[in-house]
Amino acid sequence: MESSDEPLSSPPSLPQQQQSSLLHDVLGSATAGIISRIMTHPLDTVKARLQAPSSSFATYRGPIDALIQTYRNEGIRSLYGGFGAVIVGGTPGTVLYLTGYAFFRDTFSSLASNSGGNNGGSTFNSSNKPNLTQGQEFAVHFSSGILAEAVTCIIYVPVDVVKERMQVQSKSRESLISNKDSLRKPQSYRYNGSWDALQQIIRTEGMTGIYRGYWATLASFGPFSALYFVFYERCKVWSKEMLQDNNNSDAQRMDDGDLPLHYLVACSAGAGALASWLTSPLDMAKLRLQVQRGQTAAASSTGQNTIYRGMFDCLHSAYKKGELFRGAGARVLHFAPATTVTMTAYEKCRSFYADTLR
């Protein structure tokens with residue numbers, strides 16, 4: 001029997017594994033982002049209109065009423081206002097957001113595991129993930145969520161400004177303004193699409209207009225992302241513990257994407273609903289700051305359009321008017337399905353690409 005000098009095949013090196021994992025993250029998050037946006041953008045439009053200043057639209061009785069009225073008076077196209085900006089800019093944003101979170105989470109987990117809290121050495125559980133205390137897990141997921149949001153806001157804020165300017169303009173309201181009124185006071189801009197909106201905002205307001213509300217956006221979505229991933233990761237741990245209690249010995253070694261679909265849906269929906277409701281006042285303030293500059297030209301001597309000096313001023317004004325949680329139900333109605341579709345699709349698509357591209 002002849003001997004061979006050829007070495008036995010070895011598993012991929014760590015850099016190769018990291019590159020493969022990054023590719024799976026990118027493909028999974030891009031697919032999930034597109035699917036989620038198509039399914040939930042009308043709900044996001046309803047949320048934006050409910051959170052806009054009261055003088056901007058007819059009074060809606062709630063999210064469902066706003067959805068019906070917008071569709072009936074302005075058509076399906078208005079419900080998808082700003083959709084082009086979301087797909088073109090939002091898909092890379094989703095990729096950066098989810099891959100960024102995974103990078104920060106894995107990096108901080110390794111640092112925490114190597115710290116003195118774990119006897120100076122790195123220990124791993126049956127899932128080949130670093131063993132962390134609950135306090136360390138909270139800190140890792142909370143900080144990873146905020147940092148991922150901070151990086152992604154470089155893309156998200158311009159997309160968000162264009163999207164929300166498109167969402168809050170109303171065809172029906174413009175048609176109610178007579179020619180006499182039009183001569184008496186200037187009207188807000190009318191955008192003919194996402195690209196037109198981007199050009200007009202940059203031309204009339206400069207780069208400060210397109211990045212208007214960056215810190216407000218980070219102050220809104222940073223806490224949301226931080227709380228969401230804290231809740232979501234904890235729910236996945238509980239899910240694996242429940243499966244293990246049901247005599248599933250492989251539950252703790254199970255990849256997140258291999259969790260049963262109904263467990264992933266429950267984890268993402270519950271985390272999304274709770275985090276979005278808690279941070280709704282911050283989101284309302286962020287939206288009002290982003291849209292007010294485009295409405296400045298339409299401000300009249302009646303003082304109906306309030307000019308906010310900053311996020312705290314906006315929150316204080318909303319609190320005095322009893323509007324602090326205005327649109328909170330619509331925000332939950334949008335974010336719960338959006339996070340459910342996005343994260344469930346991300347986990348399943350990532351697992352699919354990992355199995356397919358081996």
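Trainee: Which residue forms a salt bridge with Asp-106, and how far apart are the closest N and O atoms?

Mentor: The partner is Arg-105, with the closest N and O atoms 3.2 Å apart, where a salt bridge is a side-chain nitrogen of Lys or Arg within 4 Å of a carboxyl oxygen of Asp or Glu. This is a predicted model, in which local features need pLDDT of at least 70 and side-chain atom pairs count only at pLDDT 80 or more, while totals for chains, interfaces and linings use all residues. Residues are numbered from 1 along each chain as its sequence is written, and side-chain values use heavy atoms, with hydrogens and water left out.

Trainee: Is Asp-106 buried, exposed or partly exposed?

Mentor: Asp-106 is partly exposed, at a relative accessible area of 42%; buried means under 20% relative accessible area, exposed over 50%, and partly exposed in between, with a 1.4 Å probe and protein chains only.

Trainee: How many salt bridges does the count come to?

Mentor: The count by this rule is 14 salt bridges.

Trainee: Which other residue forms a salt bridge with Lys-236?

Mentor: Lys-236 also forms one with Glu-347, with 3.2 Å between the closest N and O atoms. Glu-347 lies in helix α14 (residues 328-356) and Lys-236 in helix α10, so the pair ties together parts that are 111 residues apart in sequence. Both Lys-236 and Glu-347 are buried.

Trainee: Which residues do salt bridges with shared partners join into one network?

Mentor: That network is made up of Asp-44, Lys-47, Asp-283, Lys-286 and Arg-331. Lys-286 sits in helix α12 (residues 280-295) and is buried, at 1% relative accessibility. Leaving aside residues up to four places away in sequence, Lys-286 touches several others, including Asp-160, Glu-164 and Met-311, a contact being heavy atoms within 4.5 Å.

Trainee: Changing topic, which residues in the largest nonpolar core touch the most other members?

Mentor: Among the 25 residues of that core, they are Tyr-97, Leu-98, Phe-224, Tyr-228, Phe-229, Tyr-232 and Met-343; a nonpolar core is a set of buried Ala, Val, Leu, Ile, Met, Phe, Trp, Tyr and Cys residues joined through side-chain atoms within 4.5 Å. Helix α10 gives the largest share of this core, seven residues. Tyr-232 touches Met-343 and Glu-347, among others, not counting residues up to four places away in sequence. Apart from this core lies another, of 14 residues, among them Val-86, Val-157, Ile-201 and Tyr-214.

Trainee: Where is confidence lowest, and where is it highest?

Mentor: The lowest is in helix α7 (residues 179-184), with a mean of 41, and the highest is in α11, at 93, on the pLDDT scale, which is the predictor's confidence in each residue, from 0 to 100. Residues 118-122 have a pLDDT below 50, yet this stretch has 13 contacts in the model beyond near neighbours in sequence. Over residues 300-304 the pLDDT is also below 50, and that stretch has two such contacts.

Trainee: What does the chain average overall?

Mentor: The protein chain averages a pLDDT of 78, and 77% of the residues score at least 70.

How values were computed: Helices (H or I, at least four residues) and strands (E, at least two) are DSSP runs, numbered from the N terminus.
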